[in-house]
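Please look at the structure below before reading on.

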Amino acid sequence: MATNNSVYTNECGLPLNAIEWLETHHTSKAVERRQMICDLQLEAGSFVVDAGCGPGLWTPLLAEAIGPYGQIIGVDISAEALVTAQRRSYGKWYRKQVQYKCAALEELPVEAGSADVVFSANVSQYLPEPVETFAAMGRYLSNGGRLVIKDIDFGTMRFQTIDTGLQARVLQAREDWEQLRVDEGLTFEDSWVGSKLAGYLRAAGYEDVQEKSYRIVRKYPLPKAFRCYLQGIAEWFVCEGAPLLTGEDITNWLRCFLDESHNVLDQESFSSEETEFIVTGVWNKHAPTTMRFFDLHAVAQA
Ligand SMILES: C[S@@+](CC[C@H](N)C(=O)[O-])C[C@H]1O[C@@H](n2cnc3c(N)ncnc32)[C@H](O)[C@@H]1O
């Protein structure tokens, strides 16, 4: 499946949307993710679409929130992810309330106007035209239904005890690399998308747009999953930004996270910090469509 391949691997052999990686990422932030779903105050009995559900890691949290009379449809373009999601839910108390289907975000396999909530986590970073995609998702929401988008923002990342100049250069290389990818027609990625989401939802025509941020801080000694998460992220930064970094910076950066004797993760003063964003917007099917077109146009001009 062409679309699937284009989002499923990157060029350096570290596919961060690989299932094993997603599981590590999920476990490492389990506390905050539970809080995120709790804060959404989903109504019992709701119909929720998990758009870009991957291996179904959010399904138990969503199912707990909507209770035994709610319904979830997980949607993804990766058949492999859906098979894993199906397997993970086997024998679980919520199994009968959940279905997984292969489709794209813009063409959700549900009736127009039927979903109370369309939830999408860690997918917007791969959307080359987020405003258009969010607008297209609106038609599947019931009148007054909510779109919920959750994503990361690397601009908020800080590592205590790592030279600030080195951090700045590595992050800048990653940001420049993401821009180069666009210019060179490679798979789109925007790891700085989190703080842009509220603007995208407003431009797509959503009302009552609300942003909530979650500061994720971990200090020494790091839980195992979080250590794996940081090491994966650290490698990913330099292998993707490698053409834009000096060899010395790459060596020093990798030594910080992977070296047995100079590893900053083993220092008592180590801490890491990042902020993730959840943005919600209400769909009003009676809102004038001309207004929506006007908003999209304004964004294109900006
Ligand atoms: C980083 S993973 C996130 C998975 C899951 N939401 C999570 O947070 O664990 C991104 C997922 O979005 C899916 N995806 C990306 N673009 C998509 C699109 N246009 N339509 C449907 N799924 C998409 C990918 O196949 C992948 O499973």
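## Salt bridges

The structure contains 14 salt bridges. The model is a predicted one. One of the salt bridges joins the side chains of Glu107 and Arg139, with 3.7 Å from N to O. Glu107 counts as exposed because its relative accessibility is 52%, and the cut-off for exposed is over 50%. Arg139 has 38% relative accessibility and counts as partly exposed.

A salt bridge is also found between the side chains of Arg169 and Asp249, at 2.7 Å from N to O. Arg169 belongs to helix 7 (residues 164-183) and Asp249 to helix 10 (residues 247-258), so this pair ties together parts 80 residues apart in sequence. Arg169 is partly exposed, at 40% relative accessibility, whereas Asp249 is buried, at 8%.

The side chains of Arg174 and Glu178 form a salt bridge of 2.6 Å, N to O. How far apart are Arg174 and Glu178 in helix 7? They are four residues apart, so about one helical turn separates them. Arg174 counts as buried, with 0% relative accessibility. Glu178 also counts as buried, with 5%.

Salt bridges can also link several residues. Lys29, Lys150, Glu274 and Glu276 are joined in a network of them.

## The ligand and its surroundings

The ligand is surrounded by 18 residues, and the closest are Gly52, Trp58, Asp76, Ala121 and Asn122. The shell around the ligand consists of twelve nonpolar residues, five polar residues and one charged residue.

Which residues have a polar atom at a listed distance from the ligand? An N or O atom in the side chain of Asp76 is 2.6 Å from an oxygen atom of the ligand. An N or O atom in the side chain of Asn122 is 2.8 Å from an oxygen atom of the ligand. For Ile77 the backbone is involved: one of its polar backbone atoms is 3.5 Å from a nitrogen atom of the ligand. On its own the ligand has 600 Å² of accessible area, and the protein covers 96% of this.

Just after helix 4, Gly67 has a positive phi of about 75°. Is Gly70 buried or exposed? Gly70 is buried, because its relative accessible area is 4%, and buried means under 20%. Beyond its neighbours within four places in sequence, Gly70 is in contact with Gly45, Ser46 and Gln97. The C-alpha atom of Gly70 is 9.4 Å from that of Tyr94, and these two residues are 24 apart along the chain.

## Backbone geometry

Most residues other than glycine have a negative phi, and most peptide bonds are trans. Asn122 is not a glycine, but its phi is positive, at about 60°. Asn122 is in the loop between strand 4 and helix 6, and it is buried, with a relative accessible area of 15%. The side chain of Asn122 also has the N or O atom 2.8 Å from a ligand oxygen.

Thr161, also a residue other than glycine, has a positive phi near 80°. Thr161 is in the loop between strand 6 (158-160) and helix 7, and it counts as partly exposed at 32% relative accessibility. A cis peptide bond joins Tyr220 and Pro221, with omega about -5°. Pro221 is in the loop between strand 7 (207-219) and helix 9 (224-241).

## The chain as a whole

The protein chain has eleven helices and eight strands. It has 302 residues, and 53% of them are buried. Of the contacts between residues at least 6 apart in sequence, 79% join residues at least 24 apart. The accessible surface of the chain is about 14100 Å², and carbon and sulfur atoms account for 52% of it.

Definitions and conventions: Residues numbered from 1 in each chain as written. Predicted model: local features only at pLDDT ≥ 70, side-chain atom pairs only at ≥ 80, totals over all residues. Heavy atoms only, no water. Near = heavy atom within 4 Å. Polar contact = N/O pair within 3.5 Å; in protein donor to acceptor, adjacent residues only side chain to side chain. Areas by Shrake-Rupley, 256 points an atom, 1.4 Å probe, with all protein chains shown as cover. Nonpolar A, V, L, I, M, F, W, Y, C, P; charged D, E, K, R; others polar. Salt bridge = Lys/Arg side-chain N within 4 Å of Asp/Glu carboxyl O. Buried < 20%, exposed > 50% of the residue type's maximum accessible area, 1.4 Å probe, protein only. Helix = DSSP H or I, 4+ residues; strand = E, 2+ residues; numbered from the N terminus. Contact = heavy atoms within 4.5 Å.
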